Amino acid sequence: MADLLHKPLLDIEEQPRTSKKTPRVASLDVFRGLCVFLMMLVDYGGAIVPIIAHSPWNGLHLADFVMPFFLFIAGVSLALVYKRVTNRIEATRKAVLRAVELFLLGVILQGGYFHGINYLTYGVDMKRIRWLGILQRISVGYIFAALCEIWLSCRSRRDVSFLKSYYWHWGAAFSLSAIYLGLLYGLYVPDWQFEMANATSSVFPANHSYVYMVKCSVRGDLGPACNSAGMIDRYVLGIDHLYKKPVYRNLKECNMSTNGQVPESAPSWCHAPFDPEGVLSSITAAVTCIIGLQYGHSLAHLQDHKQRLQNWILFSLSLLLIGLLLAVVGDPVNKSLYTFSYMLITCASAGITYSAIYLLVDVYGYRCLTFALEWMGKHSLSIFVLITSNLVVIAIQGFYWTAPENNLIHWIVTRFVRR
């Protein structure tokens, strides 16, 4: 085992000059495939097993690991993509172009362009389009981490360490974190009101609009009603461009019915839109990508399995300890706000998970056990598009027995989700 741990995985720097394509790192594809699998599991299984769905507000469920895992592995991959940068301007142009492509694809997939599995229609009112979402958040993290790697890398070829070799990266991460914490805890949130047409209420008709008032006048509140993240999104994006079905409606205070209706007796904020991929929380999401980038440096520049694993495990345990400490002293673990404790705990979890996959796949070579995840990782974007656009579900739903409602999707929904 000791000899195996000291054997190089691949030496990118010593690839033959005739090789036109850098070999893929299997563990990266497996981890990416695991992210896609978890995404599908929580999206379709969350309605059946609520404990794996997103936590309504504070707390950590299985679904809350998916986004930071995607951001983490994007950062790891960037260390390999930009291991050698000969032309920074050209590398920056390609990175920006890639980020813009991801952002625009995300707007199409999650901006309201597709109308769900029950409607074979498309199109979105630009007054109500949702600008932010999963791919948009990944694109933001991607461009921050890519610019750090392209412009702020000052690595000594004799030494690779998380802190010493990339101190400008950590300077960027700490600066972003300071901005996030300053805005989250320092901004004053006044009372605010919003008007909802086609309200979520079960009292008013569908074409009725109602003005709700939310009492705040606080600073540093991290509840769903009066946090500064929501205020920033309402000012910058506009309330009509936020996510219309926030997960906090599953809180007991909102008393949401099984068909998604919020009673009029619920607090006013239960009716308000809120974007879990908002502007402020995208700052700490970008830090997640930068942290993943540091893990990737060990993969790109160290050739010893044991040294890589030691770096990753030590760093992961350190992040986990700090994250748990912050949670104990009062910083809630919250995915919707992407709090600092949530970022550190999920980064640590991603690092430990990747280390285990790396040991299994790249060190011991058990790729036969993870071939399905590896395939999914290689085609992760295509699978994401098919799942998010509901094209797979619509295709399955199109095959029925005698009557259109006698299809597999309708049977699953009526038997397991609405029972």
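Q: Which helix gives the largest share of the lining of the second largest pocket?
A: H3 does, with seven residues. The model is a predicted one.

Q: What else makes up the lining of the second largest pocket?
A: Helices H2 (26-45), H4 (88-110), H5 (134-151), H11 (371-378) and H12 (380-388), like H3, each give two or more residues. The lining has 35 residues, and Arg32, Ser77, Val81, Arg98 and Tyr142 lie nearest the centre of the pocket. The space inside is about 1,100 Å³.

Q: How is the lining of the second largest pocket divided by class?
A: There are 21 nonpolar, six polar and eight charged residues.

Q: Why is serine 55 called buried?
A: Its relative accessibility is 5%. Buried means under 20%. The value falls under that cut-off, so serine 55 counts as buried.

Q: Where is serine 55 found, and what does serine 55 touch?
A: Serine 55 sits in the loop between H2 and H3. Leaving out residues up to four places away in sequence, serine 55 touches Leu60, His61, Asp64 and Val247.

Q: What describes the packing of H3 and H10?
A: Two packed helices are described by the angle between their axes and the distance between the axes. For H3 (residues 66-81) and H10 (residues 340-363), the angle is about 65° and the axes are 9 Å apart. Their crossing is right-handed.

Q: Which residues of H3 and H10 meet?
A: From H3 come Pro68, Phe69, Phe72 and Ile73. They meet residues in H10 including Tyr342, Thr346, Cys347 and Tyr354. By class, this contact has eight nonpolar, four polar and no charged residues.

Note on methods
Residues numbered from 1 in each chain as written. Predicted model: local features only at pLDDT ≥ 70, side-chain atom pairs only at ≥ 80, totals over all residues. Heavy atoms only, no water. Axes fitted to C-alpha atoms, helices over the stretch in contact; angles between N-to-C directions. Helix = DSSP H or I, 4+ residues; strand = E, 2+ residues; numbered from the N terminus. Left-handed = near helix turned anticlockwise from the far one by under 90°. Contact = heavy atoms within 4.5 Å. Nonpolar A, V, L, I, M, F, W, Y, C, P; charged D, E, K, R; others polar. 1 Å grid on protein atoms, 1.4 Å probe; cavity = no way out; pocket = protein on both sides within 12 Å on 5 of 7 lines; lining within 4 Å. Points joined across faces, edges and corners; volume = space filled by probe spheres on them. Buried < 20%, exposed > 50% of the residue type's maximum accessible area, 1.4 Å probe, protein only.
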